[in-house]
Each structure stands twice: as structure tokens, then as C-alpha cells.
Amino acid sequence: MFDLFLYYVKLGLFHVLDVNAYDHVIYFIVLTIPYTFKDWKKVLGLVTVFTAGHTLSLLASIYGWISIKSVLVEFLIPLTIVCTAAFNIITAGKSVGNERFIIMYFITTFFGLIHGLGFSNYFKEIVAVDNAKLAPTLEFALGIELAQILVVAAVLALSFSGATLLKLNKKEWTLVVSSVVLGLAIPLLIDTFP
């Protein structure tokens, strides 16, 4: 029983940390880059609502409540990255008020739904062998959450180090990193255009 728990948690961890499927990582880089360690509660909230959206779409797919063509989802995933990077570039250096942050929670949850759909067909095949579907999905979600927290912690640490070494302020650092991620995501968007 514990082995199965670990299997799904590891599956979630490596789903995010897979170097061949780096969309999760660059999404979390661009989502996190405008923030610092003092914003850790807000960032953790964003990570968690993303995981909640991701998990909801997996459950909806597993139980047959939703079915979307994978071609469309594969296009929407880099679109979430492009939109987040563009948003960072447009709003770099502006203060994040509570109203704007609440909107970010909703958008991040929605983007989590999209990213979850990208893995739903494969995950549906994995859990098809088990009668229980909820427990494996939640265990998988735990692995995703842990991996995303690792990515976010690394991004915050690199942001602090990178901005300090390069002597960039928060606005400049956000613009540089968001532009690099935008440059990585646009080719993905073009390649996956339906």
C-alpha cells in the first residue's frame, strides 16, 4: 500500500521535474519571478491553486466528465506560459494589490486546469488498472505540489542571487527572465498551433 502511495507521489514529482517536458518548470519560473522570499505565502498560494486546478482536470478526465482534444491542450499549455510572461513584462515594477492578486489566483487555477488536461490521457491509463481513482490522483497531486515548491524555492533563490550578482532591481530582473521564458515559449506555441 505504501509502495503504491510512493509510486504516485514520485510520478507527480517527476511529471514536473522531467527535463523532456519542461513546460511546468518554465511556467513556474515565469509565475514566480516577480516575487521575493518575503512573498512566500502568496507564492505558495499560487502553487497550491495551480495544483488544485491540475488535480480537478485530472479527476474530471478520469471520471469522464470532460474530454478535450490533446492537440488543443498542447497548444494551450505554452499559451499559458506566453500569457504569464507577457503579463510580467507589462506589469513589471508595478505593485501587486490585493485585487490583482485575487485575479492571479483565479487565472493560475484556470491555467492549472489546462496543464492538468495535458497529462490527463496518460494518467487515465495509469489509474485504469486500479479500482480506486481518487487516492492515486491525490497522491499524484502531492508529488506535483512538492516538486512545484522545490522549483519555486529554487527560482526565488536564483532570483535573489542573480539579481544581486547582476545588480538588477526587481523590475529589471522580472523583465529579463520573463523575456527569456517568452523566447522559449513562443516556439512551443508555434509548433503546437492546431
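The predicted model holds 14 aromatic pairs. In one of them, Phe 2 and Phe 5 are stacked, with 5.8 Å from centre to centre and 25° between the planes. Helix α1 carries both Phe 2 and Phe 5, which lie three residues apart, about one turn of the helix. Phe 2 has a relative accessible area of 53% and is therefore exposed, the cut-off for that class being over 50%. Phe 5, at 28% relative accessibility, counts as partly exposed.

Another pair joins Phe 123 and Phe 140. The rings of Phe 123 and Phe 140 are tilted, at 4.6 Å centre to centre and 35° between the planes. Phe 123 belongs to helix α5 and Phe 140 to helix α6 (residues 134-165), so this pair ties together parts that are 17 residues apart in sequence. Phe 123 is buried, with a relative accessible area of 0%. Phe 140 is likewise counted as buried, at 0% relative accessibility.

The two pairs are set out here.

| Aromatic pair | Centre to centre | Angle between planes | Class |
|---|---|---|---|
| Phe 2 and Phe 5 | 5.8 Å | 25° | stacked |
| Phe 123 and Phe 140 | 4.6 Å | 35° | tilted |

Phe 123 and Phe 140 are also part of a cluster linked by ring pairs, together with Tyr 7, Tyr 8, Phe 119 and Tyr 122.

Helix α5 (98-127) also takes part in the lining of the largest pocket, where α1 (2-17), α2 (23-32), α4 and α5 each supply at least two residues. The volume of this pocket is about 340 Å³. Its lining is made up of 17 residues, and those nearest the centre of the pocket are Ala 21, Tyr 22, Asp 23, Glu 74 and Ile 77. By residue class, the lining of the largest pocket comprises eight nonpolar, six polar and three charged residues.

Helix α4 spans residues 70-91 and includes Asn 88. Asn 88 has a relative accessible area of 5% and is therefore buried, since that class covers values under 20%. Apart from neighbours within four places in sequence, the residues in contact with Asn 88 are Val 30, Ile 33, Pro 34, Thr 174 and Ser 178.

Terms used:
Residues are numbered from 1 along each chain as its sequence is written. This is a predicted model: local features need pLDDT of at least 70, side-chain atom pairs count only at pLDDT 80 or more; totals for chains, interfaces and linings use all residues. Side-chain values use heavy atoms; hydrogens and water are left out. Helices (H or I, at least four residues) and strands (E, at least two) are DSSP runs, numbered from the N terminus. Buried means under 20% relative accessible area, exposed over 50%, partly exposed in between (1.4 Å probe, protein chains only). Contact means heavy atoms within 4.5 Å. On a 1 Å grid over the protein atoms alone, a cavity is a set of points where a 1.4 Å probe fits but cannot get out, and a pocket is an open set with protein on both sides within 12 Å along at least five of seven lines; lining residues have an atom within 4 Å of a point. Grid points are joined across faces, edges and corners, and a volume is the space filled by probe spheres set on the points. Ala, Val, Leu, Ile, Met, Phe, Trp, Tyr, Cys and Pro count as nonpolar, Asp, Glu, Lys and Arg as charged, and the others, Gly among them, as polar. Rings of Phe, Tyr and Trp (its six-membered ring) pair if their centres lie within 6.5 Å; planes under 30 degrees apart count as stacked, over 60 as edge-to-face and the rest as tilted.
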